[in-house]
Amino acid sequence: MWTIFSRDSSKDFPYEISESPRYGFNEKSLWKLNKGKKKNTTQEVSIFEFLINDDIPGSETRSALAKSAVKHLKTLKHPNILSFLESSEVKTIIYLSTEYVEPLQSFISSQNNLHTDIMKQYIAWGISNIIEGLKFLNFEAKLCHNKVNIWSVFVNKAGQWKLGELEYMNSVDNSPPAYVSDLYRAPGHRQSPSSIDIWGLGVLIWEVFNGPLSNQSALKISNKIPKEILTIYPKLVAVDPMNRPSYDIVTSTLREQGYFGNDLEKTMTSLSQYHILDDFQRIAFLEKLPNLLETYPKNIALYNVLPSLLEMFNYVKEQKIIFPSMIKLSTMLDDQEFEEKIVPCIIKLFESNDRATRLLLLNTIELYASRLKADLLNTIIFPLLVSGLADASPTIRELTVRSMVYISSKLNYNNLNVELMRHFARLQMKDDQGSIRTNTTVCLGKIAQYLDPKNRSKILSSAFSRALKDPFQPSRMAGVSAFSATQQYYPLIEVSTRVLPALCQVTLDPEKTVRDITFQTIKGFLGKLENVSEDERLKEKMEEEVANTTSPAMPTWAGWAVTTVTSKFYSSKIPQKDEKSVELSKNNSNNTNMNNCEQMYSNSLKDNTVKNVYKEKQIESINTLQDSLNYKNSTENSTLHNDWDDDSGWNVGDDWESIGVDTSNSIKDKSDFGWEDQEPILLDDSDELAKKAEAELIKEEMRKKREERKQERIKQLESKRSSKQSLKLGGKRL
């Protein structure tokens, strides 16, 4: 009758065996270790299986040991003791489920070389784990393990060493059970609560470097044990329990020898004791952590460090310092884990008003932008990110411009073609930083393929034409290069009526580098029109390419510009500001006091420094007619240079350089911001411009002569003063 109402305990056990590896542990233990998972989930666990067989001699004792192990494991909670999940007795089998682990012996045997630097650090950390676990058992729980060896230690996913095999555990006040294996029975009688387990620690150390123990006499052979441990090892396995050291002595000795205290152990200790560190220690630890992660094993970084960082992120104030380590570790996560663990942290940091936090997000955006879902990016992150384009800090604005390259492919129509273009137009026309105006043009060339084909050519031609009139030379170079790199997006009628007229104006640019790439670009566009003129069938094909959202084949003449725009941003330098440069900037913005500005410019030619390069750029914005004069003077001064990082005029490489503040000002257009409504650029009369430039050159020559006469008069006055001074000192006139 009872069998009808009895409950099948196997159905109550929420775990199931998925695999039964052939561990060597299974032959040395009462238990068989299997891989398992929680039912209806993907959570991995380990399932220890004990078979109750009454036909085996001593079966009652074996069953009692297995049940004792389950009892102890269920009641003991410590980071270095195997974590209990569930147990169940089903007919003749006892099931014990724990966190997912692997026998230490299997893990060690799978390692190719135990003497690499990181493995030395890892083993040292593992030994310290076992010492902490044994101290807890002996002194807090008042228990003795009685069987510490390589078969009783397991490794979890996070790389931690865990004590298991608790069958022979008993009180420290009692003698060890008689049924302990003779091989692992400590010699002598217990003299202290820890003397037996201290001996077992020595056995464990020997087996880690030599393999499983076959007889106790082999413990005397210590040639494979690291020399840092040899100072304490003989005492650990001493026959006389009185000669065995305490755990504190073991730890202090290994620390003095340099075996303990390595970077890995310090990191793990800091993570586990983070709540008791002071602010200085926390910051120092977190700033050092990203570089250390590169050397740590993947399982430790992913399952130990990252969970600790995620936990700290929720309740500590050093969130921006934690994030670099988190984002580096996030590359090891799959997309689902990234969305669950990392994305909430990214959103939280974007919501912060702290500029240092925003700089951190912008500098690392290439590491996480590609993994953000489009819906999340458009609705939550983009509105927070785009606010940086209006920030008071030039650095924030410039890095925000650059960041758009990484997210533009996922932006919806409104965010990309309306919101972002509105901000870009404002930056290009009104931003007072030349580097920001330059990189806005570069960024627009990079993301051109994602723009709406219906408005793309109008947006690009208006934006790049405006860049050609920028007083900042790198901005003009960017405009020409961007025209060339995006040549496939312009209808033929627009090439002839807007693109070429705008480029022709730049052929008189005062900078030869700008003129050179302009002529090359003009030749390319003219060749395109000439080909269509020769073969009108090409016209239809080219018009189809304009409406295409993907990038068509690139002609040879535009290949250099594609490389330029798609791989390099302009890198601004930080100028040295002084009172004169500030006053000069004010004069430029108001277009007043022309003579004083000219005097400053003349003095700047005498000083070959980077600071004076920026002063020259400020003078250029006074009047565009002075460009010819500035070019003449710049050629005379061979040491003056622009701010591009290489001869091609672009910053080569994937990493962005440091961002500085450019002090050059430009005459800003106060009209409404929007490229799609801009009218074609009106070109000035080049003959009239040349005449004015020639007149300015004549004026400059006359000014130089006046300056020379002035210097001569100053020298004469100085010589007269020196002669008068000599009389005052008592000299006699001859």
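Which residues line the largest cavity? The notes below start there and then move along the chain.

1. **The largest cavity.** This is a predicted model. The largest cavity is lined by Trp31, Phe48, Ala69, Val70, Leu73, Leu82, Leu96, Phe154, Gly164, Glu165, Leu166 and Glu167. Its volume is about 90 Å³. The whole structure was searched, and three cavities of 30 Å³ or more turned up.

2. Nine of the lining residues are nonpolar, one is polar and two are charged. Helix α4, residues 59-75, gives the most to this lining. The contribution of α4 is three residues.

3. **The chain as a whole.** The protein chain holds 32 helices and ten strands. It has 734 residues, and 50% of them count as buried. Take the contacts in the chain with a separation of 6 or more: 70% of them join residues 24 or more positions apart.

4. **Lys142.** Check the backbone here. Phi of Lys142 is near 60°, which is positive, and the residue is not glycine. Most residues other than glycine have a negative phi. Lys142 sits in the loop between α6 (117-140) and β7 (143-144). Its relative accessibility is 48%, so Lys142 counts as partly exposed; the cut-off for exposed is over 50%.

5. **Asn146.** Here is another positive phi in a residue other than glycine: the value for Asn146 is near 75°. Asn146 belongs to the loop between β7 and β8 (153-156). Is Asn146 buried or exposed? Asn146 has 4% relative accessibility and therefore counts as buried. The cut-off for buried is under 20%.

6. **Helices α14 and α16.** Helix α14 covers residues 319-329 and helix α16 covers residues 355-363. They pack at an angle of about 10°, and their axes are 10 Å apart. The two helices are therefore roughly parallel to each other, because angles under 35 degrees count as such. On the α14 side, the contact uses Lys320, Phe323 and Pro324. On the α16 side, it uses Ala356, Thr357, Leu360 and Leu361. By class, this contact has five nonpolar residues, one polar and one charged.

7. **Helices α19 and α21.** How do the axes of α19 (residues 394-407) and α21 (residues 434-446) cross, and at roughly what angle? They cross at roughly 10° and come within 8 Å. So α19 and α21 are also roughly parallel to each other. From α19, the residues in contact are Pro394, Arg397, Glu398, Val401, Arg402, Met404 and Val405. They meet Ser435, Ile436, Asn439, Thr440, Cys443 and Lys446 of α21. The residues of this contact divide into six nonpolar, three polar and four charged.

8. **Leu538.** Leu538 is part of helix α26, residues 537-547. It counts as partly exposed because its relative accessibility is 29%. Which residues does Leu538 contact, leaving aside neighbours within four places in sequence? The partners are Asn531 and Val532. Lys528 is ten residues away from Leu538 in sequence. The C-alpha to C-alpha distance between Leu538 and Lys528 is 9.6 Å.

Notes
Residues numbered from 1 in each chain as written. Predicted model: local features only at pLDDT ≥ 70, side-chain atom pairs only at ≥ 80, totals over all residues. Heavy atoms only, no water. 1 Å grid on protein atoms, 1.4 Å probe; cavity = no way out; pocket = protein on both sides within 12 Å on 5 of 7 lines; lining within 4 Å. Points joined across faces, edges and corners; volume = space filled by probe spheres on them. Helix = DSSP H or I, 4+ residues; strand = E, 2+ residues; numbered from the N terminus. Nonpolar A, V, L, I, M, F, W, Y, C, P; charged D, E, K, R; others polar. Axes fitted to C-alpha atoms, helices over the stretch in contact; angles between N-to-C directions. Parallel < 35°, antiparallel > 145°, perpendicular 65-115°, else oblique. Contact = heavy atoms within 4.5 Å. Buried < 20%, exposed > 50% of the residue type's maximum accessible area, 1.4 Å probe, protein only.
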